[in-house]
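Morning, everyone. Please have the sequence and the structure open while I talk.

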Amino acid sequence: MYQGDTVTVRLADGTIKTVTGTTFYLADGRQVFTPIDGSSLHNATLISTSWVPNSTSVPYPSLDVTCFVAGTQIATAEGDAPVETIKPGDIVRGFEGEDLILCKSLQRSFTARDFAANPKLRPVRISAGALGEGLPVRDLLVSRQHRMLVNSRIVHRMFGVSEVLIPAIKLTDLPGIFIDETVEQVTYFHLLFDRHEVIIAEGAPTESLFTGPEALKSLSDEAREEILTIFPDCADETLTPEPARFIPEGRLQKKLVARHLKNQKSLCQGVAGAGETRRRAPGQDQVSAHPVAASG
């Protein structure tokens, strides 16, 4: 709960009144404001609100899962569609043109208050064209840990594969990619398929939700229960899910980005290694999904 919030309203007789109270954030997502200054609430027209930064509630967890912001255009069998309109059973277009059936779409909203309590909830903005080859075609906002696909000659020289997945927060040393401090509220969407996939958001290749152990821990109890109902094997922490592409370890991610910056090379060059399988490669899943604290 947050004690000391205010609500300024215009009453039916035209009087403007500011009420001080406590805001409760309920488990079902509702927000309930209760006066603590002796005022009683009546029907009124809202003028403005203010809020306190500190609370006595349980702190919000870091958002260490792959999330798209509401409004993001996702490639589907019917053309691009806002992520919030895509429902389970819809066909999403994979990076290689394959049809992927969406199993589950989860969402969670955060406000300026949440950002103040946990700055890691703020999204990363990937400006139009920042990845190279004109990608993304529009600004793309994702959660900090959301991985983008990088395919370049540098990738092939470093890892012997044509494509890797790198968290958005690791790309913020590059021009046009940054933590957006101006966003006041955001709704994140998680797209879940029967396995980890590379899909297309605002024209750029990126990942779906990766149901590794750390990712599951970061979800709400309700969301985790839903996923485990659909994919019971995810409950076995001894199993390591197979990533859609190779995920380098943290220090190599940093080195990869530094080399692109130094050589002024774009992240998306469409280069595939000779004879290299683009999809999944055995033995390349040694890096677990969603390193904690690196990016929300």
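I will go through some backbone details and then some charged side chains. Keep in mind that this is a predicted model.

Let's start with the backbone. Find the loop between β11 and β12, where β11 covers 124-126 and β12 covers 140-142. Pro-136 lies in that loop. The peptide bond joining Leu-135 and Pro-136 is cis, with omega at about -10°. Glu-133 is found in the loop between β11 and β12 too. Glu-133 is not a glycine, yet its phi is positive, about 60°.

Glu-202 also has a positive phi, near 50°, and is a residue other than glycine. Look for Glu-202 in the loop between β17 (198-201) and β18 (204-207). Is Glu-202 buried or exposed? Glu-202 has 3% relative accessibility, so it counts as buried. Glu-133 has a relative accessible area of 59%, so Glu-133 is exposed.

Now the side chains. Asp-5 lies in strand β1, residues 2-10, and counts as buried at 3% relative accessibility. What does the side chain of Asp-5 make a polar contact with? The partner is the side chain of Arg-113, at 2.5 Å.

Next, salt bridges. Side chains of opposite charge can pair when their charged atoms come close. How many salt bridges does the structure hold? There are 11. I will show you some of them.

One of them is between Arg-125 and Asp-180, with the closest N and O atoms 2.6 Å apart. This pair links distant parts of the chain, 55 residues apart: Arg-125 is in strand β11, and Asp-180 is in the loop between β15 (177-179) and β16 (186-192). Asp-180 has a relative accessible area of 3%, so this residue is buried.

Another salt bridge is formed by Glu-163 and Arg-245, and here the closest N and O atoms are 2.6 Å apart.

Glu-249 is partly exposed, with a relative accessible area of 33%, while Arg-251 is exposed at 62%. Finally, salt bridges with shared partners join Glu-96, Glu-163 and Arg-245 into one network.

How values were computed:
Residues are numbered from 1 along each chain as its sequence is written. This is a predicted model: local features need pLDDT of at least 70, side-chain atom pairs count only at pLDDT 80 or more; totals for chains, interfaces and linings use all residues. Side-chain values use heavy atoms; hydrogens and water are left out. Helices (H or I, at least four residues) and strands (E, at least two) are DSSP runs, numbered from the N terminus. Buried means under 20% relative accessible area, exposed over 50%, partly exposed in between (1.4 Å probe, protein chains only). A polar contact is a pair of N or O atoms within 3.5 Å; within protein, one must be able to donate a hydrogen and the other to accept it, and residues adjacent in sequence count only if both atoms are side-chain atoms. A salt bridge is a side-chain nitrogen of Lys or Arg within 4 Å of a carboxyl oxygen of Asp or Glu.
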